[in-house]
Amino acid sequence: MLVALGLIGCKKSEPASGGELYAGACARCHGADGSGGAPSFTGAPAPRNFRDHDFQRARSDEQLKMTIRNGKGSGMPAFGVAFSDAELAALVAQLRSFDAERK
Ligand code: HEC
C-alpha cells in the first residue's frame, strides 16, 4: 500500500500511463504479461490471469475498478484512494489489453 502511494506520489510532468501503473503496482503478482502468478502463501488464491478471455467477459469495467479499490479475498490488496479515477480507467484499459482474444 505505502509502496503504491509512494509510486503514485512521485512528481512527473506526464501522468503515469496504465502500463506504468501496472508495472509498478500489479506486475509483481499478476505478471508483467498479465498471465497471473503463484499464490503469495500456501492456501492463498492465485493472482488472476488477465489473458483469460472468459474472465475479461465476465467483468465490467466498474467491477474491475471496484476490485482495485476494495481488494478481493485474502490475496488481492485494496488500493483504496491510491489511484485517481483517471488512473483506475488507465489500469482497466491496461488489464483489457492483456485479453488474448480481444477483438
Ligand atoms: C500481493 C499480490 C497482488 C497485487 C500487488 C495485485 N493483485 Fe490483483 N489479485 C491478487 C490475487 C491473489 C487475486 C485473486 C483474488 C481472488 O480471486 O480471491 C487478484 C485478483 C485481481 C482481479 C480479479 C478480481 C475478480 O473480479 O475476480 C483484478 C481485476 C486485479 N486483481 C487487479 C489488480 C490490479 C489492477 C493490481 C495493481 C493495481 C493488482 N491486482 C495488484 C493479487 C494481487
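**Helix crossing and ligand shell**

Me: What makes the crossing of H5 and H6 right-handed?

Reply: H5 passes H6 in a right-handed crossing. Helices are DSSP runs (H or I, at least four residues), numbered from the N terminus. This is a predicted model: local features need pLDDT of at least 70, side-chain atom pairs count only at pLDDT 80 or more, and totals for chains, interfaces and linings use all residues. Residues are numbered from 1 along each chain as its sequence is written.

Me: Why are H5 and H6 called roughly perpendicular?

Reply: Their axes, lines fitted to C-alpha atoms over the stretch in contact, cross at roughly 115 degrees and come within 10 Å. Roughly perpendicular covers 65 to 115 degrees. H5 and H6 are therefore roughly perpendicular to each other.

Me: Which residues of H5 and H6 meet?

Reply: Asp61, Leu64, Lys65 and Ile68 in H5 meet Leu88, Leu91, Val92 and Leu95 in H6. Contact means C-beta atoms, placed from the backbone, within 7 Å. The contact divides into 6 nonpolar, no polar and 2 charged residues.

Me: What surrounds the ligand?

Reply: The shell has 21 residues, the closest being Cys26, Cys29, Gly73, Gly75 and Met76. To be near, a C-beta atom, placed from the backbone, must lie within 6 Å. H5 gives the largest share, 4 residues.

Me: Where is confidence lowest, and where highest?

Reply: Mean pLDDT (confidence per residue, from 0 to 100) is lowest in H1, at 53, and highest in H5, at 98. Where pLDDT is low, the coordinates should not be read in detail.

Notes
pLDDT = per-residue confidence, 0-100. Helix = DSSP H or I, 4+ residues; strand = E, 2+ residues; numbered from the N terminus. Axes fitted to C-alpha atoms, helices over the stretch in contact; angles between N-to-C directions. Parallel < 35°, antiparallel > 145°, perpendicular 65-115°, else oblique. Left-handed = near helix turned anticlockwise from the far one by under 90°. Contact = placed C-beta atoms within 7 Å. Nonpolar A, V, L, I, M, F, W, Y, C, P; charged D, E, K, R; others polar.
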